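Reader: Please take me through the terms used for this model, and for each one set the value beside the definition before you conclude.

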Amino acid sequence: MTSSEPPVLPTLLMFRVRELRFHAALRERYHVLDFFTSGEPLHGFLAAAAADPDPPRALVAAGGDSVSVDAAFLDAVPSLRFVFSTGAGLDHIDLGECARRGVAVANSGTVYSTDVADHAVGMLVDVLRRVSAAERFVRRGLWPLQGDYPLGTKLGGKRVGIIGLGNIGSLMSKRLEAFGCVIHYNSRKPKESVSYRYFATVHDLASESDVLVVACALSKETRHVVNRDVLDALGKDGIVINIGRGPIIDEAELVSALAEGRIAGAGLDVFEKEPKVPAELFSMDNVVLTHHCAAFTKESRSDLRDATIGNLEAFFSGKPLLTPVLPR
Amino acid sequence: MESLGVLLLYPVNAYLEQELDRRCRLYRFWESPREEFLRAHAGAVRAVVGNANYGADAALIDALPALEIVASFSVGIDRVDLAKCRERGIRVTNTPDVLTDDVADLAVGLAIAVLRRIPQADRYVRAGLWKSRGDYTLTTRFSGKRVGIIGLGRIGQAVARRVEAFDCPVNYHQRTEQKSVYPNYTYYPTVVELASNSDVLVVACPLNASTRHIVSREVMETLGPKGVLINVGRGPHVDEPEMVAALADGRLGGAGLDVFEDEPNVPEALLGMDNVVLVPHVGSGTYETRKAMADLVLGNLEAHVLSKPLLTPVV
């Protein structure tokens, strides 16, 4: 035979990779079994994957509602040795089960961090300086009729309390310092390399901050950590920025604190039950609302493609993963 | 300074007005028709307080024979006839420094707002259009964009320091290069070359005869379909009709505007555009800064009355 066989592409399970260029880049390199285009129910799809002549050793999944990688899932596809999550969060992956079975896990690392930090800073400026609200005023033709727009408040000297000083929190603090903000933070342990003032609890952080920023992951410990008590500690001149996950804040308490003027404003990119946003917020001029888009730029999408393929290539060639979560 | 007759041209700030009323002899220019006011009080006015939009022009100065000082509640004094003031020996003061941070904060905030489409996202959510998760269009990253600043004065430098924290390379244009002072910033001898090498162009220079329409059609076309113009200077820095056309055709990618050629009137066409962020001259619009500006106006008037050196003289 003179013709050579094309290389056998390793089988890859795929859940919820929508973007066309990304999808195409993966299909070029792997034999992709795509759940969402299969049209089958989950257990049928997994059974068929497990029965494939080259059953999948790797899985690419987006976060959130795309798939839950739990014990039942792992039982259904015993060939799986590596899970790559394209989302920032890992709450849809049972890390304990993966560790028990020796399944490696990697995530998108820091591909989103810069854009999320930039969006958070943009929202903070918007809330303090009333950019979106002033924009509405102009677009409604009110400037010639009502004269000067009400004053905002200065960024310089404001104490910004960041919950979670990971990649995103660190990038935010570097940016905000250039605006003259003072950085305070809370995290599980104080960070040696950082000179910002540490607070052991979110309540204490809120009581000495003018702006409270949620920049941590969602976990059992952080669910509703920003509660009524914390909002009261933040106080009537305080504002909240959430670019973490909706459930980190008790949303009902936040809405009533805003409605009653017990806090001064909020910038929210995430909500407890997306895409539902509490309707009470729509009539408020002191809040800025975005549709969970802080991470998504053309640049982070391109970085994500590189990170996904980089980690998959490392796994399939037996090299160390680029951004491993497990093994630790 | 109870005997100082002060003419306030416009209700610029409640605290300032209250203090002028308490400490001086205050006349409010908007309370009666101009000619009637001048007939009755022109001779008593020794000081004029205006702002960015209301200044002491030649006609007003000529009508006030006892005028000694113009203390503007603004840093830009393009509405004050400086030549006439020099001729008459009238002092002029402004409010530099105290508003530098606010204006720079807004400039950067506008750039992020335009590139990341924050007000647009807010409109989308408020209109009830967010129907499913993952429903977003990709915007473009702000960090790392090349920022070109026209005028590296106080405000320009403050903008530069902020964007450096976002890893943005800083380019600038002004009358002279100052390489030893700004070794990390790249100088361009013309605004067109600055625009050609920048993704975001920020206007931060004073308005005068040589900077009027400094952002021309050619500059905007060079900045291009992905370029963003940020104007926190004065409306007349930009050729406004050309800008509106360039934005409409996509020859200019976007704009964040705090100032307009004919405030408070904003070109109708801009009001329907999605690639612009429009705010009503709020550059110095914070409680803290407006109080500091008011105190500076009062401090200058007091120094004048006590024959002490003025705090922030322009003339």
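## Strands, rings and crossovers

Reader: Which residue stands opposite A:V60 in β4(A)?

Author: A:V60 stands opposite A:F84 in β4(A). The model is predicted, so local features need pLDDT of at least 70 and side-chain atom pairs count only at pLDDT 80 or more, while totals for chains, interfaces and linings use all residues. Residues are numbered from 1 along each chain as its sequence is written, chains are lettered from A and ligands numbered from 1 in the order in which they are written, and side-chain values use heavy atoms, with hydrogens and water left out.

Reader: How do you know that β3 (residues 58–61) and β4 (residues 82–85) of chain A are paired strands?

Author: Strands are DSSP runs of E with at least two residues, helices are runs of H or I with at least four, and both are numbered from the N terminus. Two strands pair if DSSP finds at least two bridges between them; β3(A) and β4(A) have 4 bridges and run parallel, and therefore they count as paired. β4(A) is also joined to β5(A) by 4 bridges, again in the parallel sense, with A:V83 opposite A:V105.

Reader: What makes you say that both faces of β4(A) are covered?

Author: Buried means under 20% relative accessible area, exposed over 50%, and partly exposed in between, with a 1.4 Å probe and protein chains only. A:F82 and A:F84 on one side, and A:V83 and A:S85 on the other, are all buried.

Reader: Why is the unit of β4(A), helix α5 (residues 95–101) and β5(A) called right-handed?

Author: A crossover is right-handed if, with the strands pointing away from the viewer, the path from the first strand over the helix to the second runs clockwise. The β-α-β unit made by β4(A), α5(A) and β5(A) is right-handed. In chain B, β9 (residues 200–203), helix α9 (residues 217–223) and β10 (residues 228–231) likewise make a right-handed β-α-β unit. The crossover from β10(B) through helix α10 (residues 240–249) to β11 (residues 254–257) of chain B is right-handed as well.

Reader: How many bridges join β10(B) to β9(B) and to β11(B)?

Author: 4 bridges join β9(B) to β10(B), which run parallel, and B:V202 stands opposite B:I230 there. 4 bridges also join β10(B) to β11(B), again parallel, and B:L229 stands opposite B:A255. Both faces of β10(B) are covered, with B:V228 and B:I230 buried on one side and B:L229 and B:N231 on the other.

Reader: What makes β2 (25–28) and β5 (91–93) of chain B edge strands?

Author: Chain B has an open sheet of 5 strands in the order β2-β1-β3-β4-β5, with parallel pairing, and β2(B) and β5(B) are its edges in that each pairs on one side only. For β5(B), that pairing includes 3 bridges to β4 (residues 69–71) of chain B, where B:I69 stands opposite B:R91.

Reader: Why is the pair of A:Y112 and A:F296 called edge-to-face?

Author: Rings of Phe, Tyr and Trp (its six-membered ring) pair if their centres lie within 6.5 Å, and planes under 30 degrees apart count as stacked, over 60 as edge-to-face and the rest as tilted. A search of the whole structure finds 22 aromatic pairs over all chains. A:Y112 and A:F296 are 5.9 Å apart centre to centre with 80° between the planes, and therefore the pair is edge-to-face. The two residues are 184 residues apart in chain A, and both are buried.

Reader: How do you know that the rings of A:F179 and B:F166 form an edge-to-face pair?

Author: Their centres are 6.4 Å apart and their planes lie at 85°, so the pair is edge-to-face. A:F179 lies in a loop of chain A and B:F166 in a loop of chain B, so the pair joins two chains. A:F179 and B:F166 are both buried.

Reader: What makes helix α7 (residues 131–139) of chain A mostly covered?

Author: In α7(A), 9 of its 9 residues are buried, among them A:E135 and A:R136. After α7(A) comes A:G141, whose phi is positive, near 75°.
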